[in-house]
Amino acid sequence: MKRLFPYPVLAALLLLLWLVLQQSMGLGQILLGGAVAIAVSLAASAILPGRVRFRRITSLVQLIAVAGIDIIRSNISVLLILINPRATPSAGFIKMELQLTNQFGLAVLACLLTATPGSAWLEYDGERNTVLIHVLDLIDKDEWIATIRHRYERLLLEIFE
Amino acid sequence: MIDELPLWLSILVSVCVVLGAGLTMAGCLGLVRFPDFYRRIHAPTMGTSMGGGLILVASAIFFTVTQQRLVIHEMVIFLFVTVTTPVTLMLLARATLFRDRIEEARDTPPSDAPKD
């Protein structure tokens with residue numbers, strides 16, 4: 001059983017993805033999707049850096065909510081910069097040290113920072129565990145670092161480590 | 001098709017589509033308007049986050065109502081776009097950083113990598 005399902009959660013999510021894409025709950029689709037899910041999760045065990053453990057599901061839900069709110073907020077603020085013809089945003093780089101070392105956590109943080117307009121994850125240094133972020137409208141560097149620490153990194157640490 | 005939709009729902013769907021398309025359009029204009037590479041990468045994100053998201057929400061509502069079953073596979077598009085954008089972004093950004101560091105352009109953050 002363990003050999004067939006090295007990553008049961010991944011396999012279940014893949015099956016769910018298959019069924020959603022096929023828009024069908026028929027037995028044939030479940031069998032076919034199940035076969036694909038098992039094959040892909042077996043293949044994935046060759047490249048995944050390790051098992052994902054979700055330690056706190058409540059933090060995950062909280063993170064999704066926070067990310068949703070921030071995406072909407074930053075969309076509005078970037079739009080305001082764009083429609084103001086005289087605005088020249090004071091863009092700048094931030095280099096910050098992270099506590100987070102879990103690879104999945106880092107990947108989620110990169111997706112989050114990139115998905116919010118106004119901040120972009122540019123370069124990660126695995127040796128020093130620092131990340132270079134570019135911010136479109138940079139006013140206070142320390143405030144940005146504190147925001148990322150408290151809003152995202154704290155939750156990601158709770159989820160993955 | 002649109003006749004099967006109650007008025008308030010078709011208004012909701014239309015508002016979502018127009019807002020989403022407007023945000024995506026604004027992002028594209030930003031890509032043209034901003035002066036340098038690093039600022040330009042921020043604008044199109046509006047299309048891949050909220051702009052695209054609103055269009056997908058409108059699509060999900062519309063087809064859920066007209067086909068009378070839950071249509072949510074639009075969410076998969078959002079998931080895939082969000083997961084894959086950082087890959088191309090990092091590729092482009094690191095290439096630009098590399099170029100700027102070699103050209104010693106102004107305001108480029110120094111690299112941490114040991115020089116060899």
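Is A:Arg151 buried, partly exposed or exposed, and what is its relative accessible area? In this predicted model, A:Arg151 is partly exposed, with a relative accessible area of 27%. Its partner in a salt bridge is A:Asp70, with the closest N and O atoms 2.8 Å apart. This pair joins distant parts of the chain, since A:Asp70 belongs to helix H3 of chain A and A:Arg151 to helix H5 (residues 141–160) of chain A, 81 residues apart.

A:Asp70 also meets A:Arg73 in a salt bridge (3.7 Å, N to O). Both of these residues sit in helix H3 of chain A, three residues apart, or about one turn of the helix. A:Asp70 is buried at a relative accessible area of 7%, whereas A:Arg73 is exposed at 51%. Elsewhere in chain A, a network of salt bridges links A:Arg56, A:Arg154 and A:Glu158. In chain B, the side chains of B:Arg39 and B:Asp36 form a salt bridge (3.5 Å, N to O); B:Arg39 is buried at 17% relative accessibility, while B:Asp36 is partly exposed at 29%. Over all chains, the count comes to ten salt bridges.

Turning to the interface, 37 residues from chain A and 33 residues from chain B take part in the contact. The two chains bury about 3,100 Å² between them, 68% of it on carbon and sulfur atoms. On the side of chain A, A:Gln23, A:Leu82 and A:Leu122 lose the most area to chain B, together 19% of what that side buries. Two salt bridges are counted between the chains, and A:Glu123 meets B:Arg94 in a salt bridge at 3.9 Å, N to O.

Technical notes. Residues numbered from 1 in each chain as written. Chains lettered and ligands numbered in written order. Predicted model: local features only at pLDDT ≥ 70, side-chain atom pairs only at ≥ 80, totals over all residues. Heavy atoms only, no water. Contact = heavy atoms within 4.5 Å. Buried area = accessible area lost by both parts, 1.4 Å probe. Salt bridge = Lys/Arg side-chain N within 4 Å of Asp/Glu carboxyl O. Helix = DSSP H or I, 4+ residues; strand = E, 2+ residues; numbered from the N terminus. Buried < 20%, exposed > 50% of the residue type's maximum accessible area, 1.4 Å probe, protein only.
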